[in-house]
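Hi there,

Here is the structure I promised to pass on.

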Amino acid sequence: MPNRQKSEPGRRTRQRILDTTLALYNERGEPQVSTSLIAAELGISAGNLHYHFRRKDELSAALLERFVAEFDALLPPAGWRADDVEDAWLLLHLLFEALWRYRFLFRDLSGIMARDRRAAHRLATVFERAVGASRGICLGLVERGVMTATGAEIDALAGNIAVVSLYWLSFDSARHPRGDDAGKAMSRGAYQVLMLVAPFLRYDSRMHLERLASEYLGG
């Protein structure tokens, strides 16, 4: 029991460090944030910070692991199929919320992957799962007669959906450098992704998508 009582404050401090680091990374970018700045923001000594994370790379790696765990948990299991357009819209919104929470990762993704081979492997795995979920959207809509697409078209769409989903927020923030409401950015992203699918939808399903998008985009 005494050991547990000692470890609980340590876990809480570690969590506070990660939460503060994530906020600073998102605000300023990972390269511009030092461990000294993180400690000052937390109001703790540099020694206390280094007790939990000896190097900045350890902080970044811990946040990457947290992102991978959260994102992977949101992705549906293998063999999942979307029931309808709204099913796809909901999944995309959930994924965009996770991407927004860890948006710093995608500002310097190539640099992070170059510095950390394990990170590259972990991200490659979760990205492949994202392609699988994208394929599930397309296959589900085809199986339910909502859209028409060949196998080759589905393969291309699955890759395109994953790419646009994963990099949308970085692209959108570059277009709106002064910042924007996160909800609007995510709704725009979901709409942009589903517009890749729209040409393959039956007329009534495409009209339904347009109405759904209008509600979320405030049109």
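What volume does the largest cavity have? It comes to about 70 Å³, in what is a predicted model. A search of the whole structure finds one cavity of 30 Å³ or more.

The lining of the largest cavity includes Phe71, Leu91, Leu95, Ala130, Ser134, Ile161 and Ser165. Helices α5 (85–101), α7 (117–143) and α8 (151–175) are the elements that give two or more residues to this lining. By type, the lining residues divide into 10 nonpolar, two polar and no charged.

The aromatic side chains are worth a look too. There are seven aromatic pairs in the structure. In one of them, the ring centres of phenylalanine 67 and phenylalanine 106 are 5.9 Å apart and the planes stand at 80°, so this pair counts as edge-to-face. It links distant parts of the chain: phenylalanine 67 belongs to helix α4 (residues 56–74), while phenylalanine 106 is in the loop between α5 and α6 (109–115), 39 residues apart. Phenylalanine 67 and phenylalanine 106 are both buried. Ring pairs also join Phe67, Phe71, Tyr102, Phe106, Phe127 and Tyr167 into a cluster, and Phe71 is among the residues lining the largest cavity as well.

Lastly, alanine 46 is part of helix α3 (residues 46–52). Its relative accessibility is 36%, so alanine 46 counts as partly exposed. From alanine 46 to threonine 35 the C-alpha to C-alpha distance is 7.3 Å, with the two 11 residues apart in sequence.

Best wishes

Methods:
Residues are numbered from 1 along each chain as its sequence is written. Side-chain values use heavy atoms; hydrogens and water are left out. On a 1 Å grid over the protein atoms alone, a cavity is a set of points where a 1.4 Å probe fits but cannot get out, and a pocket is an open set with protein on both sides within 12 Å along at least five of seven lines; lining residues have an atom within 4 Å of a point. Grid points are joined across faces, edges and corners, and a volume is the space filled by probe spheres set on the points. Helices (H or I, at least four residues) and strands (E, at least two) are DSSP runs, numbered from the N terminus. Ala, Val, Leu, Ile, Met, Phe, Trp, Tyr, Cys and Pro count as nonpolar, Asp, Glu, Lys and Arg as charged, and the others, Gly among them, as polar. Buried means under 20% relative accessible area, exposed over 50%, partly exposed in between (1.4 Å probe, protein chains only). Rings of Phe, Tyr and Trp (its six-membered ring) pair if their centres lie within 6.5 Å; planes under 30 degrees apart count as stacked, over 60 as edge-to-face and the rest as tilted.
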